Each structure stands twice: as C-alpha cells, then as structure tokens.
Amino acid sequence: MKGPLQDAAPIELTLRVNGTAHTLQVPPLRRLLDVLRDELSLTGSKEGCGEGECGACTVLVDGEPVLACLIAACQVQDAEILTIEGAGLESIQQAFLDEGGAQCGICTPGMIVMTKAWIERCRRDDVEPTELGARTALAGNQCRCTGYGAIIAAALRAAAPGDGSS
Amino acid sequence: MKVVSARTLEQALEALATATPATRLLAGGTDLMVELQTGRAQPDLVVEIGGVSELRAIRETEQGLVLGAACTCSDLIASSLAARFGDILVSAARDVGAVQIQNRATLGGNLGTASPAADLTPALLALGATLQLRSHGASRELPLSEFFTGYRQTARRPDELIAGVVLPPRPPNELRAFRKVGTRRAQSISKLVLALAVSHEQGRVLRARVAAGSVADRSIRMTHLERALEAGATGDERSAAIAHSVAHDASPQDDVRSSAQYRSAVLGRVLTRMLAGLPES
Amino acid sequence: MTHYVGKHLARPDGPDKVAGRTTYVADLAVPGAWLGGTLRSPVPHGRLQRIERDPGFDWSRVVLVGPDDIPGENVQALIVDDQPVLAHDEICHVGEPLLLVAAPDAPTLEAALAALRPVIESLPAQLDFETSEHVHKRIDILKGDPGAVFAQLPSGARVFEGSYRTDSQEQLYIEPQGCVAWPPEPDGSFVVRGSMQCPHYVRKALVRCFGVTEEQARVVQLATGGGFGGKEDYPSVLACHSALLARACGRPVRMQYERHEDLMVTPKRHPALMTHRTAVAADGTLLAMDVEVVFDGGAYATLSSVVLSRGCIHAAGAYRCEHVSIRGRAVATHHVPCGAFRGFGAPQTCFAIERQMDRIARGLGLHPFALRHHNALRAGDTTATGQLLRDSVGSMEVLEAVRAASGIDTHAWCDPQRDDAATADDAIDAGATNANAGTTKRRGLGLSFFFHGSGFTGSGEELLKGRVRVALLPDGRAEVLSGSTEIGQGTITMFTAMAAETLGCDAEDIVVATPDTAHVPDSGPTVASRTCMVVGGVLTQACRTLAERIGAGDAPFRERARALLQRGDDGSVGVTYHSPPGLTWDDDTYRGDAYPCYGWAADVAEVEVDLDTLEVDVLHLWTAVDVGKAIQPRLVEGQIEGGTLQALGWAQREVVSTRGGHVEQDRMATCIIPTTLDAPPIDVTLIEVPFPHGPFGAKGVGELPMDGGAPAVLAAIEDAIGVHAAHVPATPERLLALLQARPGASA
C-alpha cells in the first residue's frame, strides 16, 4: 500500500546519488527506495519487505547505512547517497565473488553496502575487524540462502589490509 | 495531507500550533514510514524534524544530562556522556534493531510511539528521566512515569513535541541492569524488557526503580517491588515481593511473539538474577 | 584430472549479482504495464453469494476478471484438479482468490480493492488437522510383520512410544513472488515472465486455464531471489492471474506481491504429527517399527500427495529394521494449502524418528551415537520399502566424520553424573532463589543421523522424461538448453562445469540458456534434489555424444565445433532421462526402489541454554555429508550451510501459527528467520561415496541438510537441561512449559 506516501504537494528534491547530482519533483514522503528505483532507475537496491526488517534496501546516506524504505524524500535534501551501483565497492564485490557470498543475489546489494559502511567505520574508529564485529554490523541484513558463513568470510576478506590474503 | 520540513525548533513548533490528534511527527521514520506504507496512519499534517539540529544535542546541565529528543540510538551509543549518566539506556540502544535502524530510530520517536514493547522506555523509567515538552510559546516538564496514559497513548498534546529527555546525575552506589529478551539476537521486537536502578548505601536500599516493557499495555514501573526493596526486603521476603509485583504490577498477554505465562515466569527469574547483584548488609 | 568438476569455478552469474545489475521481476521495466491485485476471502470456509461494488467508485478506471472470464478451465492445474483459479461458490481458505483487478497505478488499485465487498455465507471451518476426516491422500508402507513382533516380544525387548509434532514453516525467500504477463497476440500466444522454479509447471497451468497449446503459452524464468520450494507451484497461480488480467485489459500486467500478501497466501511447510511405537532389543537393535504420519495439507491437495510420499518413505529413518509399518495420511483443513519447502515431508518425519531414537537411547541407557551406529543402514541392507542398498551408501563415513569432528561419542549425553549437571537442577526451577550460585547457562551436545532420496520417487523420473539439449552456436560455443532454473543454488555454474568438463572445452565456451519454454526442453522441475544427479546426468550424456561428433584435436574447441557445423552437422544433441537399470517400484504397494540413491548425513549441534529465559544459542554445528561427488564444492557447501541454518531456525524460533485460519505471522517483523547473530559457525565435512549412475558420481544435496538440524538441536537441549522437547519449534516458551511440568518443579 503506498497511497498516503504519494499525497501532499510535491517538493523539489536535490541530492547526489553515486556522485551525480539530481533535481527531482517528488511527493515529500516518497520513499527514498522508490526515488532510487523508479525515478532514477537504480534498481540495485531491493525491496524485500517494505517495513525495515530485511535490509535489502540498505544504502549510505551521508556515509551512514540506513534503510531506503524507511526514509522520506524530504529527509534527504542535499544528501550524498551511495548505492550498490556506486563506485568504491569493487574490492568488497570481488571478496563476495571469491568467497561465494552471493547465491540468489537478492540480499547481496544490501550486504555489500553495509559491509562498506562497516569497513569504513572500523578504519575511522581504528578498530580491528573481527568476526563478531562483522556479524553485528550485518545483523540487519537477512539472507535465506547462504547461512551467512560465506558472507562473513567475504566481509572479513574485504576488511583485511593489503592483498586480502588471510 | 500537508508536509512541513522544519529546519529549526521554532519552525516545528509553529507548524504544530494547528496540529490535530491526526498530526504526526517524522524524525527517524522507523515507525511512521511503516504506518504510512500500511495505511495505518492517515495524517492530516506531518511535521518533519529530522533536520532540526538543536533536537539532537547532548548537554550536561545542573539538572543532569539533557538528551535532545531527536538523538538516534547511534548518537547515544557514541556518546561518552550518555554512557556515564545512562549506561542502561546505551545498552538498550544497542539492542534496538540493527545498525541501520539504530542510525535512524530516535529517543523521542520511541517515547512518542509509546509501543508497550518500546526498548528505550524501561531504561529511561529506571533512570528517573524527565521529559521536556515544548509547544509554540510554552514549555513544560513531566516525569516520564506520568507520560504514558494508556495503550499507545501519551500525555503529549497534539501541538507539543518532546524536545528533550533529562537524566539525573548518577548516585554514588547504584546497581543498574538492563535486559531485553527478544525473538532472536538482533532485529527483534521484545518479548520482555527489564531495566532497574537501585541505589544503596552500606547494604541498605535508598531508592529503587524497576521498569518493564512488553508486560502491560504500556511500559511500567514495578512499584510493589520498588517499595519492598526500599523497605529492606531480602531473601524469601524479596522473592515474595518479586512474585507479588509480577502478579500485580504487570499484566502480560499472549501475543504473536510470546505468552503471558512465559513473560510472567521470565520476568520473575530475570529480576531475581538482577537483584542478586545487590550487596547484602 | 578434472579441470572443472570438483574444483572451484567462479559463478557466471556472480559479477552481475554483486554489482546489483541482475534483473529480477520487480526490476524489469515494462512501459505501459498496469498493476494487478486480488480480492480475497476473509473467512476460511463459506459460500460466496455475490461481490458488491461500491457505486461511488468509477469502475471504468479498472478492469475486473471473475470466474466467468476464464477462457479455458477454472482449474489451477497441478496434480489433482480440485483447486479453482478463482473461487466461484465454495470458499475453502482465508485468502482464496475471488476476483482479479487490474489498474493503471497503485492508488487506483488499492481504491478499487477497497470498493469491493464479497458477501459470503460463513460455514463451519475444519481447522484442526488431527480431527479432519477429509483425506487428500493415504499411503501405507509395510515391510515384514511388525504386528507379530509386538505381539510376541523376545525376552529383554522393550517398547518405546512417542508423539512428535512439527509446525509449519515459511520459506521466506528474500524476493517476494511476482510476475508480469503480456496480452495475447492475434494468434492467441502470450508470454509470462517471472520469479519461479518451474517454468514448465507454469506453462501447464496456463494451458489449462486458457485452453491454448503449449506453444501459445510461453513462460520465461527471470532471475529468482530464492525459492526453497515456495516458488515450485505458486508461480502458476500468479501467472494465471496476471495473464487473465493482461488478456482482459489488453496491456501487460504486473502482479508483484508485497511481503504481507506473500506471507498470507503462499504455501508453507505441512504441519505434522508423527506417532512412533518401536520394539527394541536390550542391545539397542530395532526389532519393529510402527509409525503413523499425519500431515495438514490445507484446503486443496496441491502437492500433498507427493510430500506425504517422501515423508512416509523416510519415516523409519536411516536405519535397518526387518519389520516396519508406516501409515500416512495428508488431510484437508480450511487453511491455506501447504506446499513444497526444502525437504518436502522428510524434515518432519526425520525429526520424529531421530527424537524417538534419543528416547530409546535414554531409556536403554545407551549412547545416542552408539545406537545410531548400531542400527544405521549399510550397503547390503534393505530400507522400509524393501530397497536393497547397493551403491553409494556413505552412512558409516558420515557418522565417523561427525564423530571425529565433534567428539560426540565420548560426550556423556544426558548423564546426570556429568560434572556440570550438579548446579543445573538448582537454577532450573522457576523462581530460583539461590540464583547467586553457579552458572546461568548450560551447554549440551546433540546428534542426528539421516538420509534423503535423490530425485523423484519411484517411477516419477521415468514419467517426467526430463530432457536436455546441447546445441552449438554459430560462433562455436555450446549452449545448454534446459528447463532447470538458477535460484541461487548454482545451476548455471554446475551445468557450465559439467558441460565444459565433458566437452573438453573452457568454461567460457559454454552458455547456459535462459529457461524459456519457447527455447528449452522440459527437464522436469527444479525440485527434489534432482538438478545435479538427474538433469546433470542427462546433460553429461548429451555433451559426451556431442563431443564424439566434434571429435578431438589440437585446434581450440570453438574452431572444431564450427568445423562440425560446416560439415553439415546440426551440432545439436537432445537426451531424455532413463532410470538406471535394475530399479523397480510399485506405486500401489509402495515397495521397491524408492530412489536411485540417497544422500547421507550426520549433524552434531552444540547449544547453550540460558537458565533464566530458556533462550537457546547454537554455538556450533558440525555436519558430515555424503554427496557422491561434489561437482562444485563451494556450491555444495553453500547448500549445506544454507539448508542447515534453515533447519536450525525451524528448530528454535521460526514460529508460524494460525488463528481462525489466518496466518498470524503476516509481516517480516513477526515471521522471523535467523540473523547473522543467530547463526553458528557451520563446519562441513564433505564425503564422496560415488554413485555410479550419477554424473561424475554425484547425487543430490539440496534438501538433505534440512532434515537433521532440528533433531540435533533438540537433542542438544535435552542434554543441556534434561527436557525431551518433541515439538518443533522448541521455543523458549515451550521449553519453559516443559520445565515447569516436570515433577518437583516449583511454579
């Protein structure tokens, strides 16, 4: 049901997504997820539940991992958004390929974006990336295929310094 | 429906001046966005306050610690002041959802939604928190224990918003504990939330605050137990007081997450475990 | 020396998935598409009298489709023709579709649905499956004469009885169900694209619903975000609905379920009750087994007959016993029809026999590992259906491997003399006063041992006639044409590896075609742990034939392949499945070779129980699995880890309940699955006891891991706190109730 989210006079929304500036006319309560998928055709962020439970819509807003299905357009005025389509995720994506972290792939974009946020946070706080740290960071991203082992391995691999051999 | 994005507290209060009971505040959106999505909320006006920076301040004052109501769980977790004054509140914040939710869910939202399963509220009740309510041209303070008036009902008037939460200074000797029992280890609505703060001196209880969530239509203080502790109950007397308080202060229900029987039993068991940490005289 | 089989080949579909470029149905842009929705019954049983339309709504804005608008038969074709596409008289479950609506946008669709009111005369609903007398299917299996054994027990023998329950479970694929249908062309042909496991099942349903030919109903599988059985038959329902709407409004129609609708109306695991009576000699030898199995099939038969079949065949467990009686029935209730979910009846019955074995072990004072080892089926033994196990029986190997990994055999299971047992009883009683004393947690270990037949039961595969084609493309690459779908398990990778290995080419020389019924043969459904062994086997045969035609040589593969085409050969080989020789099966007596072979496994779970809250954490899970041959070890481990975690979730916390016929867990906030913090490290030991009739020796693995997790966890809980939980999920609420019911426990 998305009726009430369409109501109210549209606003002019300016934001940067993956480094590109956009100006859009959207209802103020339009979900960020819908702005990304429908207005900007960035379909990499997925809707698994629409209620903030599954994590498949995880994006970075001003560097913070959040759920795009819970964010209204009026709340990201002039924000900097990073989605799975953005740059800077390559080493994490490679780690997921190397460790078998993607099976059906539907949770994968959210997992990778959240992993990015976690690695950045570890660096910023000068905290060593551990298995528990990875699991805690990814606890809001649900996967039904993998049992999480390969995903955690991929996150740790991507977080390891240098050539990632561990 | 009208949507007003406020940039300052004054703008928000002006917009709220014409609020009705159907008016909603949007801060983190972790509750409201779901209610809008499902059609459960059909507001006439939404006042968006996520960008009001003064509502996110954390300041130490003579009263104690003032937490801006738009502080997110992540803000609380990152704040050394919050850790010092309200360690059990920070524990509660860590048990909310998962990182993405913690980055958005706010103090004011958790209080204002007034779900009986709210994670932060029992810790705030145990800490003796006071709310700062503001409206256009007026302000008032209200002890949190007087804020909840019914199932998802609060004393907030439609034209008011929760501006801040005040935590008093921490007494020198205070046993504090927090526990959330959920359906899984993260991303879980609670089956039971328990928070207590019992100040003591040389084996004597000075003041006890014991609060629980998900065992009534609102977060509660377990006043029978508090009085018994303050009267010096130990051993079998304390066990009896716990049982009595569980039976009379709490009214747990069966619901999709758990049963009344489980909630009652576990409430007693966890309280017993927590209070075992009180030093004897 | 193999190049691809048994080695790690990077997933061809991997790069798109990690980049977010993969197009799932919700990502498919369809300009001009309308949205479809469904008016559903709010009651579990009733007679539909009429559907009222609010005259205040402008009905010209939308298109409605009712039972009278169905061009073919109002039958949701699957096995038994008892389920209508749209209910027209008797309503049999909450959520049953009554009317379809197509609208240009979401707000109009919502408004139209809100303006429709079904008028239903409510009828009494049968919601309790134990008392239902309406039987979808009965299956009886008899081996030897158990009655005679029970009547005259040898000296020293004892009889153990136990009742075991398993509740429903939701597949919870992270991608909700959805499809898009296009309106018919002038020649009556149309196409449906969507998230699904079995495009040919969907086609079969469309053919009946529309009264068209197979060529006219084209079905294309899009990238599918998880299935686990939940997208085996339900996509046929969605496809019929959306195609009917597309035909009615002359535009493409998208039906994309939101999570709430998906949880409310799509099929889930069959709730079950198993009752065991077992005669056991003093040394633990199983003398006779009597098992009753009852499954709740819900309102319509759908797949219940086959779920019951597999459940019953596995009900005696992976054990030898000369006298076995298994009596099973799948009954009807006024619940949403149940369907396929990984394991397909076996997790339910396997749970029961494994808990029964623990009951026997404890009763006789035998170690559960020793009891399993003593009775485990070995090569040369016969199963409950009288099947002589010849090939690929890794039972001893998996038991030995899990023993070595976990030390379960030397662990003093449920022994009250154990070191850490002393403090437990003090703290266990509710309202413990000496909570200061000792630990707040107790640990335990538990074992399960199980098997799972690969492929369709009995004559199923012969009847299916699964077919694969391999055809050379003009550029010399080889294209694999199969109806088997990639749903995350790695079909594309596995087929690429097998084809490249057999053709003697590089992985880059292989293309796996999209499962599009217009282009690929019907290889049978992607279910039943058959894609590797059965379809992969047919694929390998086809590649071998093609390789012979291409011939060996020093030139690169593509060059030699193009040369073959230039010689006038069409470069295409189609092969149909034939069962291995010497297998017999009788569908009436349920005797014979139920499956060509079985996968074997053993699990050991280590749990930690919180004595105050009865929350259970699984700290570690060891599993040893005989898969015949791991074509792609990384993928096989992925299946084992994923399936095992689904089993652990079911064991502990994945509650699915109904009230008045409504599913109570109708949002993801309440229908929960494990998170990263609930998932233990899962230690997998892969065992390979090759199956001579499987490609490179491979058997199936997809479902096997689902069968053993739950009993291992509940056995570990029993070891930790002494309660014999016999009901899945063993939630903290149920565990506390069991503790409080123990004699001597305080209130």
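Predicted model: local features only at pLDDT ≥ 70, side-chain atom pairs only at ≥ 80, totals over all residues.
Me: Why is α14(C) called roughly perpendicular to α15(C)?
Reply: The axes of helix α14 (residues 531-550) and helix α15 (residues 557-566) of chain C cross at roughly 80° and come within 9 Å. Angles of 65 to 115 degrees count as roughly perpendicular, so α14(C) is roughly perpendicular to α15(C).

Me: What makes the contact of α14(C) with α15(C)?
Reply: On α14(C) the residues are C:Leu546, C:Arg549 and C:Ile550, and on α15(C) they are C:Phe557, C:Arg560, C:Ala561 and C:Leu564. Five of the residues are nonpolar, two are charged and none is polar.

Me: Why does C:Thr491 count as buried?
Reply: C:Thr491 has 2% relative accessibility. Buried means under 20%, so C:Thr491 is counted as buried. C:Thr491 belongs to helix α13 (residues 491-503) of chain C. Setting aside neighbours within four places in sequence, C:Thr491 is in contact with C:Ser484, C:Thr485, C:Glu486 and C:Thr531.

Me: What is the phi of A:Asn18, and why does A:Asn18 count as partly exposed?
Reply: The phi of A:Asn18 is positive, about 55°, although A:Asn18 is not a glycine. Most residues other than glycine have a negative phi. A:Asn18 sits in the loop between β1 (11-17) and β2 (20-26) of chain A. Relative accessibility is 23% for A:Asn18; buried means under 20% and exposed over 50%, so A:Asn18 is partly exposed.

Me: C:Ala528 also has a positive phi; why does C:Ala528 count as buried?
Reply: C:Ala528 has 13% relative accessibility, and the cut-off for buried is under 20%, so C:Ala528 counts as buried. The phi of C:Ala528 is about 60°, and the residue is found in the loop between β19 (510-512) and α14 of chain C.

Me: How do you know that a cis peptide bond joins C:Val728 and C:Pro729?
Reply: Omega is about 0° for that bond. Most peptide bonds are trans. C:Pro729 lies in the loop between β28 (727-728) and α18 (732-740) of chain C.

Me: Which residues have the most contacts inside the largest nonpolar core?
Reply: They are B:Leu267, C:Ile326 and C:Trp600, in a core of 188 residues. Helix α17 (residues 704-721) of chain C gives the largest share of this core, ten residues. Another core, of 76 residues, lies apart from it, and A:Ala72 and B:Val193 are among its members.

Me: What area do chain C and chain A bury between them?
Reply: About 3,600 Å², 55% of it on carbon and sulfur atoms. In this pairing, 49 residues of chain C are in contact with 45 residues of chain A.

Methods:
Residues numbered from 1 in each chain as written. Chains lettered and ligands numbered in written order. Heavy atoms only, no water. Axes fitted to C-alpha atoms, helices over the stretch in contact; angles between N-to-C directions. Helix = DSSP H or I, 4+ residues; strand = E, 2+ residues; numbered from the N terminus. Parallel < 35°, antiparallel > 145°, perpendicular 65-115°, else oblique. Contact = heavy atoms within 4.5 Å. Nonpolar A, V, L, I, M, F, W, Y, C, P; charged D, E, K, R; others polar. Core = buried A, V, L, I, M, F, W, Y, C linked by side-chain atoms within 4.5 Å. Buried < 20%, exposed > 50% of the residue type's maximum accessible area, 1.4 Å probe, protein only. Buried area = accessible area lost by both parts, 1.4 Å probe.
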